[in-house]
Amino acid sequence: MLTTVQKEILQVLIDLYSKSNYMPIKGENIAAIMKRNPGTIRNQMQSLRSMGIVKGVPGPRGGYKPTIEAYHALNISAADEEETVPLFKKDKQVENLTVTKIEFTSLPQPGECEATIKVMGDIKQLDLGDKIRVGPSPVNKLVVNGIIVGRDDMDGVLLLDVRDIRSIPHKSVMEIASQDLITLEPHMDIKEAAWILSNNGIDGAPVIENDTVIGILTLIDITKAIANEEKDLKITNLMSKYIITVKQDVMISEAIQIMNKNKIGRLIITDEKDKPIGILTKTDILNQIAGLKYLTS
């Protein structure tokens, strides 16, 4: 049975060990983070070594390494240290903390949702009532926002009153994109293009020539041209030639970053031969994240 101090030491050791690319950690470094006397850390390390939880590495570059028993003692897997899941307070990442587990404890209860957050590191820098953000997680980019309503320093656990949960599905763009691609041709007049867009209930479509995207025309482009009484209403003069395409295996999270960086609302998806095969819009992404399709089905 580990004491509170021993658990804190192990949490700091494992955290520093992963951040140092798995190099031995000196007791002085652990003491500095925990704000304890180095002699106290050395004494505790002797006890942990005798239990087989910590391994000592001699030499000038030596220090301490956690054994597999250290992870078992803290109820985390050895693989957990490979990915860092950050924790933010007031939009600033809290240093020397990483989240290793999130468990939702009251999802079925109407009007409330709580989560138990397992944390590696010193959680004493967090107080009851603090608003925090956990994530994003490595795979589904899970982000949890909430208020701390409980704290267990011995086990490194926070109880969170969850205010909102967001997640980006671990899917490729092609899995959620519109594959029945509606296209326009350069020779079409504006009336024909407007009819195609409105008849298919879409806001825009790529202009294709010889299986290559040469532009994108939207209803906004058409409306502006008419409002400004432009004389030359050819598609090639009205369309936007600023085109962003992505391959079909690009993940949704990366597509969101591309959209935000380029301040656009749609991406053209191409195959390995750069032939357009689909279109992804922000609406498609929002439907996936919010689950709107499931709510309305």
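This report describes the domains, core, helices, loops and selected residues of a predicted model.

## Basis of the model

The model is predicted, and local features need pLDDT of at least 70, side-chain atom pairs count only at pLDDT 80 or more, and totals for chains, interfaces and linings use all residues. Residues are numbered from 1 along each chain as its sequence is written, and side-chain values use heavy atoms, with hydrogens and water left out.

## Domains

The protein chain is assigned domain 1 (2–74), domain 2 (83–165) and domain 3 (171–288); such bounds come from an automatic or database domain assignment. Taken over C-alpha atoms, the centres of domain 1 and domain 3 are separated by 56 Å.

## The largest nonpolar core

A nonpolar core is a set of buried Ala, Val, Leu, Ile, Met, Phe, Trp, Tyr and Cys residues joined through side-chain atoms within 4.5 Å. Buried means under 20% relative accessible area, exposed over 50%, and partly exposed in between, with a 1.4 Å probe and protein chains only. In soluble globular proteins, nonpolar side chains tend to be buried together.

The largest core here has 23 residues, of which Ile9, Leu10, Leu13, Ile30, Met45, Leu48 and Val54 touch the most other members. Two or more residues come from each of α1 (4–19), α2 (27–34), α3 (38–50) and α4 (68–73), and α1 gives the most, with 8 residues. Helices (H or I, at least four residues) and strands (E, at least two) are DSSP runs, numbered from the N terminus. Contact means heavy atoms within 4.5 Å. Not counting residues up to four places away in sequence, Ile30 touches Ile9, Val12, Leu13, Leu16, Ile25, Ile41 and Met45.

In α6 (residues 190–199), the buried residues are Ile190, Ala193, Ile196 and Leu197. Viewed down the axis of α6, these fall within an arc of 125 degrees, so they line one face of the helix; the arc is that of the directions from the helix axis to the C-beta atoms. Lys191, Trp195, Ser198 and Asn199 are exposed on the other side of α6. The packing partners of the buried residues of α6 are β10 (204–209), β11 (212–218), α7 (219–227) and α8 (235–238).

Helix α9 (residues 252–262) has Ile252, Ala255, Ile256, Ile258 and Met259 buried. Seen down the axis of α9, the buried residues fall within an arc of 165 degrees, so they line one face of the helix. Gln257 and Lys261 are exposed on the face of α9 turned away from its buried side. After α9 comes Lys263, whose phi is positive, near 55 degrees.

## Backbone features in loops

Most residues other than glycine have a negative phi, and most peptide bonds are trans. Lys35, in the loop between α2 and α3, has a positive phi of about 60 degrees although it is not a glycine. Lys35 is exposed, with a relative accessible area of 76%. Asp91 also is not a glycine and has a positive phi, of about 65 degrees. Asp91 lies in the loop between β3 (87–89) and β4 (92–93) and is exposed at 64% relative accessible area.

The peptide bond from Gly135 to Pro136 is cis, with omega near 15 degrees. Pro136 is in the loop between β7 (131–134) and β8 (143–152).

## Selected residues and their contacts

Asn96 occupies the loop between β4 and β5 (98–104) and is partly exposed, at 27% relative accessibility. Leaving aside neighbours within four places in sequence, Asn96 is in contact with Asp15, Lys19, Ile33, Met120, Gly121 and Asp122. The C-alpha atoms of Asn96 and Ile33 are separated by 8.4 Å, with the two residues 63 residues apart along the chain.

Ser172 is in the loop between β9 (157–166) and α5 (173–176). Ser172 counts as buried, at 12% relative accessibility. Not counting residues up to four places away in sequence, Ser172 touches Gln248, Asp249, Val250, Met251 and Ile252.

## A charge over a ring

The charged end of Arg133 sits over the ring of Phe88, 4.2 Å from its centre. A charge sits over a ring if NZ of Lys or CZ of Arg is within 6 Å of the ring centre and within 35 degrees of the ring normal.
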